[in-house]
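Reader: Could you walk me through this one, and tell me for each label what it rests on?

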Amino acid sequence: MASFKTFIEDVKRVPSEFMESLFRHGPPETDRTRSEAVFHNLFLHIHPVRVHRWSLKSTLTLGLGVMSTASFVILTATGILLMLYYKPSTILAYDSIKDIHFVVPTGRFMRNMHRWGAHLMVIAVLFHMARVFFTASYKSARRFNWVIGLMLFILTLMLSFTGYLLPWDQVAYWAITICANIAQSPRELTDALHITGFFDPGGLTKTILLGGNEVGEDALIRFNMLHCILLPLVISFFMGIHFWRIRKDGGLARPEDADDKLGPLPDGEKPDFTQAPQKTYGLMAFVRGSSPVVGKGPEHTVPAWPHLFYAELAVFMISFVIMLALSLLMDAPLKELANPLVPENPAKAPWYFLGLQELVSHSAFMGGIGVPVIALLGLFLIPYLDKEKTPEGIWFAGKGEKSVTVKSAVFGLTSVILIEMFTIRFGWLRDWMPGIPQLIAILVNPGSVLTLIYMLWSIRIFRQTGSMRLGAVAIFTCFLAGFLVLTVIAVQFRGPNWDFYWWPNLWPNH
Amino acid sequence: MSEMLTKPVKRRDFLGIVTIGTFAVAMAAALAGILRFFRPTVFSELSKKYKIGKPGGFPLGEVRVPPGRSVYVFHDESGFYAISSRCTHLGCIVKRGHDEFLCPCHGSRFKLNGDVISGAATRALDWYDVSMAPDGQLVVDEGKKVKKGTVFFA
């Protein structure tokens with residue numbers, strides 16, 4: 001029989017027993033309990049228990065992966081809050097954004113955070129891809145994770161673009177109109193081949209995307225569903241795979257002689273396994289390659305708690321501070337209410353799509369579908385064609401990579417600037433030969449010529465050096481250079497009617 | 001792999017494969033049908049056919065844009081005709097200059113009869129059918145494209 005006294009004792013013990021049942025291990029003060037903390041926790045266990053010191057070098061990763069994730073987390077939080085007030089209907093959407101911006105307490109801040117978060121995420125994902133490429137971290141075991149990363153890149157752009165329509169202002173309306181017509185642009189090809197009557201993939205894509213023939217209520221509802229439900233779900237799913245794969249592929253890429261390069265451990269950082277000798281931590285999964293525990297001592301690994309978590313937390317806080325500062329300094333723009341009869345002039349998409357818009361201004365099909373598909377296909381193929389053994393996990397480490405990168409950057413910049421200058425000054429095929437066949441006008445445009453030049457350059461580097469990796473470096477650098485210049489031209493130098501102007505104050509003002 | 005193909009299938013495996021296979025085929029067929037779900041069939045859009053008034057109130061030489069529409073209706077010596085102002089490049093609305101249409105989005109230029117002058121557009125502007133309703137009003141039908149130069153004479 002339990003007496004009243006023992007009942008009181010039990011009640012007193014509830015807090016400590018509850019904590020014990022919650023965590024199931026002591027405070028994370030020894031290597032053993034720290035490992036347990038990571039291993040037994042659903043949210044932490046996606047991390048390794050111990051992490052190699054090479055992976056913690058901030059100059060290797062620049063924290064870009066964590067920064068992408070951090071922005072996604074903040075975007076999810078602010079997005080859910082914005083959904084409380086946003087009304088996805090053509091009549092109410094614009095006013096509800098205005099309410100959020102001007103009336104809802106802290107609404108403007110939420111909207112700004114969401115907007116800057118989206119920009120930060122796109123930048124972080126883009127730079128993350130570049131860092132993985134230039135540190136040759138996509139090879140052997142990590143090939144498939146590169147493909148997953150590519151999916152995440154596309155999903156990030158889709159998320160940001162679907163969000164673009166929701167305010168239902170002039171920019172939103174005309175950006176989506178242009179986008180929907182890019183989706184329809186295969187019709188240019190089918191028209192030229194006279195088969196649109198019975199085979200019209202372009203028209204089908206457009207109507208499915210918009211839920212109608214024009215951007216209207218149905219388009220807004222579809223984009224809202226994609227932006228708030230489907231795409232976030234899908235991207236979370238792929239993010240899970242991406243993180244899981246990093247662990248299963250043996251952590252972040254590092255050179256084989258990483259341990260020698262790091263040198264001896266500083267005093268006091270020797271891993272201490274003495275506190276709990278009854279049980280050493282074992283290999284918790286089958287890991288391929290030279291993981292910390294295959295054939296090597298764990299000298300150069302440190303417990304994820306606290307070293308990795310400090311690093312991640314630091315990047316998270318930096319990302320948050322960046323967004324915070326931008327949100328307090330600059331408001332997200334809102335143009336006039338969407339007017340289906342009068343386009344914005346110039347109608348510009350968000351900056352990361354403006355490179356594409358510049359290409360599209362030369363040809364809808366090649367610029368909007370042809371060239372992007374070629375670029376994505378190239379990115380997908382890189383790890384399956386470049387199987388050379390070059391040092392991984394170090395910037396520009398392979399033989400000749402630095403000089404090929406510099407040369408390709410110069411070549412890429414020069415050719416894109418020359419082609420654009422030429423087109424702006426002298427026009428293109430149709431200006432010289434008005435009767436030119438449709439098919440030629442579509443296929444031969446400045447964008448596709450530029451792509452071809454870049455491909456030839458890459459092939460030339462490949463044949464000169466005999467190295468697939470250097471060929472890949474050449475074309476990747478060229479595409480980055482092209483993207484940069486096209487974006488700058490479209491952001492800065494394109495005015496009304498997409499004409500070239502040196503400065504926005506030279507735009508005709510009527 | 002070759003062993004898998006040459007070895008006789010066990011009775012139990014065969015039944016399993018047949019069960020799963022039948023189910024998969026049935027599901028695939030059903031799902032293929034359901035794909036139609038995504039294709040819109042209800043269009044909550046303005047009617048494509050509308051009246052623009054009687055010819056009498058539409059003097060020679062006037063160019064009219066029916067309110068809320070992206071169409072230019074011309075009246076010249078040959079008669080009435082309607083040209084779409086939706087750019088064939090990426091769907092922006094072209095503006096009429098004194099002797100050409102100009103698209104603000106990517107600078108495609110068209111002649112006043114719709115033909116492409118320059119830019120990334122690959123197709124001439126659409127011409128729409130103009131007819132007369134029984135009440136004597138002119139009717140433009142955006143759902144009915146006609147050949148360039150098709151003019152309604154009232």
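Reader: Which domains does the assignment give for chain A?

Author: Chain A has domain 1 (34-264 + 300-344) and domain 2 (363-505), with bounds from an automatic or database domain assignment. A word on conventions: residues count from 1 along each chain as its sequence is written, while chains are lettered from A and ligands numbered from 1 in written order. The model is predicted, so local features need pLDDT of at least 70 and side-chain atom pairs pLDDT 80 or more, with totals for chains, interfaces and linings using all residues, and side-chain values use heavy atoms, without hydrogens or water.

Reader: How many residues of each domain of chain A take part in the contact between them?

Author: The centres of the two domains of chain A, taken over C-alpha atoms, are 24 Å apart. Their contact takes 35 residues from domain 1 of chain A and 33 residues from domain 2 of chain A, where contact means heavy atoms within 4.5 Å. In chain B, domain 1 (2-38) and domain 2 (49-146) are assigned, and their centres are separated by 55 Å.

Reader: Why are helix 7 and helix 15 of chain A called roughly antiparallel?

Author: The axes of helix 7 (residues 143-165) and helix 15 (residues 364-385) of chain A cross at roughly 165° and come within 8 Å. Helix 7 of chain A therefore counts as roughly antiparallel to helix 15 of chain A, since that label applies to angles over 145 degrees. The axes are lines fitted to C-alpha atoms over the stretch in contact, with angles from 0 to 180 degrees between N-to-C directions.

Reader: Which residues meet where helix 7 and helix 15 of chain A pack?

Author: Helix 7 of chain A contributes residues including Trp146(A), Leu150(A) and Ile154(A), and among those they meet in helix 15 of chain A are Leu379(A), Phe380(A) and Tyr384(A).

Reader: What makes Cys92(B) and Cys105(B) a disulfide?

Author: Their sulfur atoms are 2.0 Å apart, and the limit for a disulfide is 2.5 Å, so Cys92(B) and Cys105(B) qualify. The pair links distant parts of the chain, 13 residues apart: Cys92(B) is in the loop between strand 4 (79-84) and strand 5 (95-96) of chain B, and Cys105(B) in the loop between strand 6 (100-102) and strand 7 (109-111) of chain B. A search of the whole structure finds 1 disulfide over all chains.

Reader: Why is the disulfide of Cys92(B) and Cys105(B) called left-handed?

Author: The torsion about its S-S bond is about -90°, and that makes the disulfide of Cys92(B) and Cys105(B) left-handed.

Reader: Why is Cys87(B) called buried?

Author: Cys87(B) has a relative accessible area of 4%, and buried means under 20%, with exposed over 50% and partly exposed in between (1.4 Å probe, protein chains only). Cys478(A) is buried too, at 0%. Buried residues make up 46% of the 510 residues in chain A.

Reader: How do you know that Gln170(A) is buried, and what is it in contact with?

Author: Its relative accessible area is 6%, so Gln170(A) is buried. Gln170(A) lies in helix 8 (residues 170-183) of chain A. Beyond neighbours within four places in sequence, its contacts include Lys335(A), Leu337(A), Asn339(A) and Pro343(A).

Reader: What is phi for Ser140(A), and where is this residue found?

Author: Ser140(A) has a positive phi of about 35° although it is not a glycine. Ser140(A) is in the loop between helix 6 (107-134) and helix 7 of chain A. With a relative accessible area of 45%, Ser140(A) is partly exposed.

Reader: Why does Asn497(A) count as buried?

Author: Asn497(A) is at 16% relative accessibility, so it counts as buried. Its phi is near 60°, a positive value in a residue other than glycine. Asn497(A) is found in the segment after helix 20 (468-493) of chain A.

Reader: What is omega for the cis peptide bond that joins Trp305(A) and Pro306(A)?

Author: Omega is about 10° for that bond, and Pro306(A) lies in helix 13 (residues 304-329) of chain A. The peptide bond from Asn345(A) to Pro346(A) is cis as well, with omega near -5°. Pro346(A) lies in the loop between helix 13 and helix 14 (351-360) of chain A.

Technical notes:
Helices (H or I, at least four residues) and strands (E, at least two) are DSSP runs, numbered from the N terminus. Angles under 35 degrees count as roughly parallel, over 145 as roughly antiparallel, 65 to 115 as roughly perpendicular and the rest as oblique.
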